[in-house]
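Reader: I'd like to go through this model by asking where each label comes from. Please put it up on the screen before we start.

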Amino acid sequence: MSRHPTVKWAQRSDKVYITVELPDAEDVKVKLEPHGKFFFSATSGPSKTPYEVDIDLFESVDVNESKASVSSRCICYMVKKAESKWWNRLIKQEGKTPVYLKVDWDKWVDEDEDKGGADDMDFGDFDFNSLNMGDTDGIGDEGDSDMEEETTAESKVAEKIEEEENAEKDKEAASEVKKN
């Protein structure tokens, strides 16, 4: 019986990155079909343990524009989508994702960051000084500590809450005394 290697994935609007993590893989076979069938098999380790992944991708792919790269640590596959659009998930199967399938956060880009991320934004003649972001003097000073200010503010809030609770207890005690 074959085992499943860890498979990581990330996407862009026009492609999906699939990385099969299997060090020292031998007899690597990767097959991609236009309707989205992805198959991987290899052996690894001194006992030549067989590993296999057989998944149906969410939508169709362009086999001719897709590329694979085999290294000693992993097998990377850049799968070109047939249609440039974001997929809801990697596989067609709904429900719980297989445990060997994980998001590749090192390659992941959110949909809204895919085209024209923050580095590509053109702010033109926008004057950031007009935003009135508060006093920026002393930013980066070693003696200036935001943590101390936050702790002091939190302490003041805690003191205020404690005072209100004590005042409430005093009112209750006074009303008890009046009843007796």
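Author: Let's begin with pairing: two strands pair if DSSP finds at least two bridges between them. Strands (E, at least two residues) and helices (H or I, at least four) are DSSP runs, numbered from the N terminus. The model is predicted, so local features need pLDDT of at least 70 and side-chain atom pairs count only at pLDDT 80 or more, while totals for chains, interfaces and linings use all residues. Residues are numbered from 1 along each chain as its sequence is written, and side-chain values use heavy atoms, with hydrogens and water left out.

Reader: OK, what makes E6 and E7 a pair?

Author: They share six bridges, in the antiparallel sense, and the rule asks for at least two, so they pair. One place to look is Val61, whose bridge partner in E7 is Lys81.

Reader: Which strands make up the open sheet, and in what order?

Author: Five strands, in the order E6-E7-E2-E1-E8, with mixed pairing. The edges are strand E6 (61–70) and strand E8 (101–103), each pairing on one side only. From one strand to the next, the twist averages 25 degrees; axes here are lines fitted to C-alpha atoms (for helices, over the stretch in contact), and angles run from 0 to 180 degrees between N-to-C directions.

Reader: How many bridges join E2 to E7, and how many join E1 to E2?

Author: Seven bridges join E2 to E7, running antiparallel, with Glu21 standing opposite Cys74 in E7. E1 and E2 are antiparallel too, joined by six bridges, and they form a hairpin with three residues between them. There, Trp9 stands opposite Ile18 in E2.

Reader: You just mentioned a cysteine. How do you know how many disulfides the structure holds?

Author: Check the sulfurs. A disulfide is a pair of cysteine sulfur atoms within 2.5 Å. For Cys74 the nearest cysteine sulfur, that of Cys76, is 3.7 Å away, and Cys74 is in no disulfide. Cys76 is in no disulfide either, and the structure holds zero of them.

Reader: What makes a set of residues a nonpolar core, and how many residues does the largest one have?

Author: It is a set of buried Ala, Val, Leu, Ile, Met, Phe, Trp, Tyr and Cys residues joined through side-chain atoms within 4.5 Å. The largest has 25 residues, and among those with the most contacts inside it are Phe38, Ile18 and Val79. E1, E2, E4, E5 and E7 each supply at least two residues of this core. Leaving aside neighbours within four places in sequence, Val79 has contacts including Val16, Ile18, Leu57 and Val61.

Reader: Why is the Trp9 and Trp108 ring pair called what it is?

Author: Rings of Phe, Tyr and Trp (its six-membered ring) pair if their centres lie within 6.5 Å; planes under 30 degrees apart count as stacked, over 60 as edge-to-face and the rest as tilted. The Trp9 and Trp108 centres are 5.3 Å apart with planes at 85 degrees, so the pair is edge-to-face. Trp9 lies in E1 and Trp108 in the loop between E8 and helix H1 (111–114), so the pair ties together parts that are 99 residues apart in sequence. Trp9 is buried at 9%, whereas Trp108 is partly exposed at 23%. Phe58 and Trp87 have ring centres 6.2 Å apart and planes at 45 degrees, so that pair is tilted.

Reader: How many aromatic pairs are there by this rule, and which residues form a cluster?

Author: Four pairs. Ring pairs link Trp9, Trp105 and Trp108 into a cluster.

Methods
Buried means under 20% relative accessible area, exposed over 50%, partly exposed in between (1.4 Å probe, protein chains only). Contact means heavy atoms within 4.5 Å.
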